[in-house]
Amino acid sequence: MRTLFFLIAILAMLVFSAPAWASLPYYNSDVGYTIWLPKTWSEAAPSSLDRFAGAGRPWPGQDTAPDWKAGYCPSSGGPCSLLVEIKPGRKMQPADISNFNRFLLQSLARSIRNQSRLPGVPRMAFKDATYFSEKKTLRIETLVERGGRSMLSLAYVVYTRKGMLSFLGFVDPDDAQARQTIDKAVLSLYLDDAIRY
């Protein structure tokens, strides 16, 4: 019986640790987090982040271009698949987080309505919003159409002791694997003690 239990334990360990073998940790000491990414991804050079300043605005209604602090790209040389921005502030209580999430979603809805009236502006459609309370992370999914091409925008707001981190990823709407990859990466985020909620 002990042998059977031992074999089952080894098999379970192999099954549950398989995702870890398929990813690598990247530590960002400037911001204070570790993120696990596929082995086929790499960190973007800081000098290349300026190219993505106009890639998107993770915060609805944001007037200024984002100040990306980090980016992660497929090693094949494609565009950044995940960008990171810092929003300094204070630690929010659960009620504050709930109110701010509601504010973000209302702002997004208003922004989508206003943009739909402007010619030449990318069309956006709200798809989904989910709050992961154990991770203190809001995930917002929108469909962006520009020049006949559609992209799925995945924006994440991670609440910390010192404000928020926002992550922005773009994937093909039909690429479920890419969407799961970005979800896993952001939801695997490990924050340093100094900023952990």
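**Close-up views of a predicted model**

**View 1. Tyr-27 has Thr-34 as its bridge partner in E2.** The model shown here is predicted. Strand E1 covers residues 23–28 and runs antiparallel to E2, with 6 bridges joining the two. Between the strands of this hairpin lie 4 residues. Gly-32 takes a positive phi there, near 105°.

**View 2. Strand E2 also pairs with strand E10.** E2 spans residues 33–38, and E10 spans residues 190–191. Their pairing is antiparallel, over 2 bridges. Thr-34 has Tyr-190 as its bridge partner in E10. E2 is mostly covered, with 5 of its 6 residues buried.

**View 3. Phe-100 and Tyr-159 form an edge-to-face pair.** The model has 5 aromatic pairs. In this one the ring centres are 6.5 Å apart and the planes stand at 85°, so the pair counts as edge-to-face. The pair links distant parts of the chain, 59 residues apart. Phe-100 belongs to helix H2 (residues 94–115), Tyr-159 to strand E8 (residues 149–160). Tyr-159 counts as buried because its relative accessibility is 2%, and the cut-off is under 20%.

**View 4. Tyr-131 and Tyr-159 form an aromatic pair.** This pair is edge-to-face too: 6.5 Å centre to centre, with 70° between the planes. Tyr-131 sits in strand E6 (residues 123–132), 28 residues from Tyr-159 in strand E8. Tyr-131 is partly exposed, at 31% relative accessible area. Ring pairs link Tyr-131 and Tyr-159 with Phe-100 and Phe-103 into a cluster.

**View 5. Lys-91 lies over the face of Tyr-197.** Its distance from the ring centre is 4.7 Å.

Definitions and conventions:
Residues are numbered from 1 along each chain as its sequence is written. This is a predicted model: local features need pLDDT of at least 70, side-chain atom pairs count only at pLDDT 80 or more; totals for chains, interfaces and linings use all residues. Side-chain values use heavy atoms; hydrogens and water are left out. Buried means under 20% relative accessible area, exposed over 50%, partly exposed in between (1.4 Å probe, protein chains only). Two strands pair if DSSP finds at least two bridges between them. Rings of Phe, Tyr and Trp (its six-membered ring) pair if their centres lie within 6.5 Å; planes under 30 degrees apart count as stacked, over 60 as edge-to-face and the rest as tilted. A charge sits over a ring if NZ of Lys or CZ of Arg is within 6 Å of the ring centre and within 35 degrees of the ring normal.
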